[in-house]
Each structure stands twice: as C-alpha cells, then as structure tokens.
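This report covers a strand with its pairing partners, and then a pair of packed helices.

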Amino acid sequence: MADQGAPSTAELNGRPATPAELQALALTGYGHFTTMLVEDGRVRGLPLHLERLARDCRTVFEAELDPARVRELARRVVPAEGAAVVRVTVFDPALDIGTIGRPAEPQLLVTARPAGGPAPLPPLRVRSVRYRRELPAVKSVGLFGSLWHRREAQRAGFDDVLFVDGERGISEGGTWNIGFVRGRKVVWPEAEHLVGTTMELLQGLYPCRSERVGVAEAAGFEAAFATNAAIGVRAVGALDGLVLPAEHPVIGELRALYTALPGDRL
C-alpha cells in the first residue's frame with residue numbers, strides 16, 4: 001500500500017499552501033499525482049515519474065507540465081540525506097464542480113513524509129473484488145472507489161483489495177501492481193491497469209511476460225507479489241482463500257535487483 005500517514009511537509013508551487021487553495025482537492029477532487037521514494041536525494045525511475053506527470057497532465061488538463069519545475073519543487077521538501085516519500089499532486093485550485101470545463105492552469109502541490117524502515121514488509125493478504133478505476137491508465141486523485149473497497153477488505157480481515165474485471169480477470173491492486181511467479185519467470189496480468197514505475201523498472205530487469213490471469217488460475221502459480229514506489233517489492237501471502245508462500249527465491253531476487261538500482265539525482 002502507499003500514501004499512508006499524514007505528510008510532514010506540504011508546499012504549493014514552492015510555498016506553504018493555504019486552506020483556501022487546498023479546498024479544491026477536498027471539495028472537487030480533480031487532479032493527478034505520482035508518489036516517489038527519495039533516498040539520499042535519488043529516485044528510482046525518476047524519468048518514469050516525470051513522464052507520467054507530463055502524460056497525465058495532458059490527459060486531465062490538456063496542458064503541458066515542466067519536468068524541471070517538478071524536480072526543483074520536490075528538492076525543496078526532501079532532506080539531503082535519509083529517505084522520504086514524496087507525492088507530487090497536479091491540480092488547479094481555481095476549478096470547481098461548476099467551472100470544471102474552463103481552461104486549466106495546473107499547480108504543483110508537493111508533500112513529503114518520512115519513509116518506513118528498510119526491512120521487508122510482511123506478506124499482504126488481499127481480497128478480490130470486481131472493480132475498474134475510472135481512466136485506469138491515469139494516476140488520478142479520485143480514490144474513493146479504491147479506498148472504499150480497501151476499507152471493506154480491511155474490515156473483513158484482509159490487508160488490501162485486488163481488482164478483477166467482469167470475467168474475474170486480475171488487473172491491479174488498490175494502489176499497486178501485482179505479479180505472479182512461474183518457474184524463473186514473472187507473469188504480469190494482462191488487463192486494464194496503471195503501469196507503475198516499479199513494475200516498469202522490473203520488466204527491464206527480469207524475464208517476464210504478460211498474460212490474462214484469472215482468480216481461479218492464481219493457484220497455478222508458485223508465488224505472487226505487489227509492487228509500487230513506496231513499498232518496492234512485497235510478497236502477497238493470501239488471495240481470498242488461497243494461501244501463497246510468504247517468500248520465494250524469485251521475489252528475493254526481484255527485491256534485490258530493485259534495491260540495487262542507484263536511482264537518478266532529484
């Protein structure tokens with residue numbers, strides 16, 4: 001899971017944001033974002049994060065975004081040493097529900113919070129649910145559906161939720177991608193989903209393929225894992241009633257390969 005906990009730092013265009021400026025996110029909730037793990041001033045897959053922000057800005061606002069400006073503002077809120085989770089949210093405080101069709105002037109809200117410890121997190125226990133996010137290829141701030149399903153899963157004793165389509169084909173987790181292990185290869189589900197930066201980096205590091213994976217077929221794999229920028233690689237230990245290994249050599253290799261990436265200077 002990602003984006004847990006309240007941010008310790010928040011700036012809008014390089015200065016403290018006012019409540020009036022932030023109320024557009026609370027009352028309208030129209031925008032997009034990316035979340036990065038910054039370690040000693042470096043980010044794994046930084047170009048992918050910047051490309052995502054620029055691409056989504058064109059889709060959501062029909063506007064161009066300056067990657068250099070994003071880096072400049074993100075550097076302001078991170079420590080020179082140590083780790084922090086940084087979220088860059090793009091929205092227009094001047095837009096509201098009634099004026100959403102006006103030409104947009106996207107602004108940059110940058111928040112930062114301390115990152116968790118380096119130890120691997122315990123395996124996720126997930127429940128499958130039929131759900132499709134609006135515009136799956138966009139990392140939008142409209143998370144109500146995802147969070148509602150996550151809440152229902154947690155109240156039922158699970159850690160998180162895994163989305164499936166109308167034919168029970170697996171697509172993605174609430175805020176993460178899922179991969180499966182077969183032999184010495186990784187299988188990524190072939191369905192509508194957000195291509196995460198961690199997933200994309202791993203695709204270039206380890207033999208993999210994409211294929212349609214149904215919930216019923218999950219039992220035929222040796223292991224499963226979740227990925228996103230905040231958690232890296234985390235084992236999935238249970239899917240509905242199916243118990244999966246808490247660890248697997250391939251998951252260990254993926255985690256080691258990802259951790260060893262030097263990252264790009266923010």
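## Strand β10 and its partners

Strand β10 pairs with strand β13 (residues 223–228) in the antiparallel sense, over five bridges. Strands here are DSSP E runs of at least two residues, helices are H or I runs of at least four, and both are numbered from the N terminus; two strands pair if DSSP finds at least two bridges between them. Within this pairing, F180 lies opposite A224 of β13.

Strand β11 (residues 185–189) also runs antiparallel to β10, joined to it by three bridges. R182 has K185 of β11 as its bridge partner. The hairpin of β10 and β11 has two residues between the strands, and G183 takes a positive phi near 65° there. Because five of the six residues of β10 (residues 177–182) are buried, this strand is largely enclosed by the rest of the structure. Buried means under 20% relative accessible area (1.4 Å probe, protein chains only).

## Helices α2 and α3

The axes of helix α2 (residues 46–61) and helix α3 (residues 67–77) come within 10 Å and cross at roughly 115°. Axes are lines fitted to C-alpha atoms over the stretch in contact, with angles from 0 to 180 degrees between N-to-C directions.

L46, L50 and L53 of α2 make the contact with P67, V70 and R71 of α3, where contact means heavy atoms within 4.5 Å.

## Basis of the values

This is a predicted model: local features need pLDDT of at least 70, side-chain atom pairs count only at pLDDT 80 or more, and totals for chains, interfaces and linings use all residues. Residues are numbered from 1 along each chain as its sequence is written, and side-chain values use heavy atoms, with hydrogens and water left out.

Note on methods. Buried < 20%, exposed > 50% of the residue type's maximum accessible area, 1.4 Å probe, protein only.
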